[in-house]
Each structure stands twice: as structure tokens, then as C-alpha cells.
Amino acid sequence: MPLNQGLERIFDNFLTGGNIFVNRDVLGHDYIPENLPHRDEQIQRLGSIVAPSLSGSKVSNAFIYGKTGTGKTAVAKYVLSRLEAKSRVVGSSLRVCYVNCRLAGTNYRVLADLCRSLSLEVPFTGIAVNELLKRYERRLESDRVAEVIALDEIDALIKRKEDDSLLYELTRLNETLVGSSISLIGVSNDLHFKEFLDARVVSCLSEEEVVFKPYSADELYDILSERAREAFVPGSLVDSSLRLCSALAAREHGDARRALDLLRVAGEVAERGGSKDVSEEHVRVAEHKIEHDRFTDALRFLPLHQKIILVSAFDLDKAYPEGSITGDIYQVYAELCNVVSLEPLTQRRISGLLNELDIMGLLNARVVSFGRHGRTKKIRLGVPASIIVEVLSTDDMIGQLFSYEPKRVSRRAA
DNA sequence: CCTCCACTGGAAACCTAGGCTC
DNA sequence: GAGCCTAGGTTTCCAGTGGAGG
């Protein structure tokens, strides 16, 4: 059997750690380091808020804000894990639970996570939210535990509908429990999200507030150099590259996650290129690669109908680069569906899907009024057309649509 | 000032696919 | 098996609307 030498080398490289990385995971999103630079103040604050739970006392609820990549999640997880470790040492009946509300998605699944944190198995679906809440409450009381709950990206739970019933129920639970207790730590990157909440929930949740400011370029540099020491082979990282990563991320509201991504991808680029160190040039390449991958990933995993909508926006973009309108998109979309013998969705639905694509940044949709000619959305591509072709033409069904010539649409958009 | 276009976007109902309880 | 529940995607219906043209 012929040996694929290139592949062999990649595997070997990986086993020996290559000449760049010692431990790439250190730069990953879910890695919580031993030390969180420039967050001592917040750690102390949060620590002193939750500390009473160790002796079974009731803990104030807290609310944490800060933009993405300011270390909220890291600090929350860090403090919770230390709290849990301490409680095991002193033998208190404390539980901690971290839930990412955006990943969980619905009230039901958040509650299901809470149940699981008390080793209470619940089905994926099938029972009423109220029933779930009752079981959770019963378990809390029977085990006489004090639970500290971090609800990360708590805004994701509210934004969709004005449904803050779960938060309301939890704050109510908080007041009525006798032998046990729960305390809530809400984490959000949206400063205005409290406006969507019931006043009682707000007052209950914001007993304490901790604010996370964006990192400065220097602070990012400290964070990166600490992680880099663990992640990279000594001497394989040029200091100016580290400076560049910090500066680029600082420009984007001091986002540490972004800085770590840049550093990790730059390392990967260098490693793949067989380079022995990570240069500024690698960081520049990484910057482009991250942007490119963001689009291609989003595109690849899009549901079928959204892909077809993008193709119709792409077709119209060729003919009218100044932008098209909902009606035109829908017309072409319906034709394309016809080509692949698919039942088109309604225009109302397409209007909604266009909004979703806009939020993802794959399209730019803006409501405009053409006076006599009505009110609609003006739509342009948010992704370079080349990327759309690159990704979607690999899909068998969608690929054939690129050669389709749309009929002339009724035009009025200027 | 009034009309009226081509929609927008809210609300509610419906459907499917899962699952529980009795 | 009946009668509930869930999520998530969709359809149906419709009141609301910014502003060019009359």
C-alpha cells in the first residue's frame, strides 16, 4: 500500500506537537486559565457575593454586564468552579450550575439543565414547563441544597418574545423556598436588556451589579502573553505579532475572544506553512481567514430555503448591483424553487427569513419607502459574491441554480 | 392635504415530530 | 391508545405605514 508521505508528515507533526504549538487548546474559547489577568476586582466582587452560600446563607442575586470578550463568562465559570471546590472541602450542601441561555435556547431547556445539575434526569421534551419547575423545586427542597445558578447570555431568553416567565418563576422561587435556596447570576452583553424585563424581576436580579469594561490593548497583550507561554513552543512567537493581535482586537471594542482567535489561527497558518515562528504577516493572514471562515461556515449550514434566497439575491445582484427589493427576490426565489421542483414558501415567510439573513450579516436589508411605489425592504448582498459561489455551488441541488437565467423582474427600485 | 402602493411585521392558528401520563 | 405536553417551522390574516404623486 503506497504511503501518503504528506499525510504522514502531518500526523507526525501533530504527534510531536509541530514546531509551533505545545497546547493549542489553551487558546480555545472554553479554556478557563488558572489566572485571569486584569479581572481581580471582578473576581473578588463576585466571590464576596456568592461566599455566604458556603454556610448555607441566602446569597444576593447578581447581574453581570460587559461586551463580548470582556471576560464575563470566564470570571463566572472561574468563581463557580472555585466555589464548588471549596464547598467540597468544607462539606456544604452547595450546588452550582452554569447555563448558556443562548445555547439552551428555550425556557424548557434551561430548566432541564437546572434539573440535571441536581442529578434529576428529565426528557428532552414531553412535559410541561410548569411540571418541570415543580420537579426542580421538589428536588431542591428534598435535598436541602443551596444552588448558585449562572445564566449566561440571559438576554437570549427574553429577546424573542416578551416571555420572562421563567425568570419570574425563578425569582419567585428564590423568595418562597424554605429549607433550600437558589441564587441567580445573570450575565448579559446587552446593557439595555433590562428594559424588556418585568420590574419585579429587575429589582430581584439586580441586587448586585458587576460591570466588565473592555480590555485595553495593553491588557489584551498581558492576557495573550500569558496564554501564549502555555500554548506555543518557546521562541516560536514573535513579540510584535502578539502586539499586533492585541491592537487589532482592541480596535474591536477590546474583545479578548477575538484576540485569542487571531493568535490561534495565526499559529495554525504558520504551522501549516512550515514556518518556525509566528510573524506579523501570519496574523494578517489570520485576520482575513477568520473573516472568510465566518462567512463560509454560516453559508454552509444554512437551511435550504435560505440558500435559495441567497442565490436569488446573487442573481439580482449581477443585474442590479445597487440592490433589489423583497418582491423581486421573492419572484426569482419562486422561479428557482420551480427549477428544483420545490414548493416555495410564502412571501411573509421569506420576509422573515430575509431578516434572519440580515442579522447574520449575509445580506443587508433596510426598510425603505418608494412613496407611491410602496414600502419594502431594499436588499443587498452582505457577503462577497465570490464566496457565495464558492460555497453554494458545491451543493448539488443549489449548484444547478447558478446557471439559471431569471426572467425579467418588474423594477422600480432606484 | 389626501391617496394608495407594496409591502412590513404582529398575532394566531396549524403542522410535524418528539415524548409523557394514565 | 387517548389525551395531554413540548419545540420549531410555517401559513393565514390583517392592521399599519412612509412618502411620491395627484
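1. Let's start with a helix pair in this predicted model. The axes of helix H14 (residues 304-319) and H16 come within 10 Å, crossing at roughly 80 degrees. Because angles of 65 to 115 degrees count as roughly perpendicular, H14 is described as roughly perpendicular to H16.

2. Which residues make this contact? From H14 come His305, Gln306, Ile309 and Leu310, while H16 supplies Ile350, Leu353, Leu354, Glu356, Leu357 and Met360. Sorted by class, the contact of H14 with H16 has seven nonpolar, two polar and one charged residues.

3. H16 is also worth a look on the DNA side. With four residues, H16 gives the most to the surface near DNA strand B. There are 20 residues around DNA strand B, and those that come nearest are Thr326, Arg348, Arg372, Gly374 and Arg375. By class, the surface near DNA strand B holds four nonpolar, eleven polar and five charged residues.

4. What part of the DNA faces the protein? Among the atoms of DNA strand B within 4 Å of the protein, 63% are sugar or phosphate atoms and the rest belong to bases.

5. A phosphate oxygen of DNA strand B lies 3.3 Å from a backbone N or O atom of Gly327. For Thr376, a side-chain N or O atom is 3.3 Å from a sugar or linking oxygen of DNA strand B. Lys377 places a polar side-chain atom 3.1 Å from a phosphate oxygen of DNA strand B. The elements giving two or more residues to this surface are helix H15 (326-339), helix H16 (347-360) and strand S8 (375-381).

Key
Residues are numbered from 1 along each chain as its sequence is written. Chains are lettered from A and ligands numbered from 1 in the order in which they are written. This is a predicted model: local features need pLDDT of at least 70, side-chain atom pairs count only at pLDDT 80 or more; totals for chains, interfaces and linings use all residues. Side-chain values use heavy atoms; hydrogens and water are left out. A residue is near a molecule or strand if one of its heavy atoms lies within 4 Å of it. A polar contact is a pair of N or O atoms within 3.5 Å; within protein, one must be able to donate a hydrogen and the other to accept it, and residues adjacent in sequence count only if both atoms are side-chain atoms. Ala, Val, Leu, Ile, Met, Phe, Trp, Tyr, Cys and Pro count as nonpolar, Asp, Glu, Lys and Arg as charged, and the others, Gly among them, as polar. Axes are lines fitted to C-alpha atoms, for helices over the stretch in contact, and angles run from 0 to 180 degrees between N-to-C directions. Angles under 35 degrees count as roughly parallel, over 145 as roughly antiparallel, 65 to 115 as roughly perpendicular and the rest as oblique. Contact means heavy atoms within 4.5 Å.
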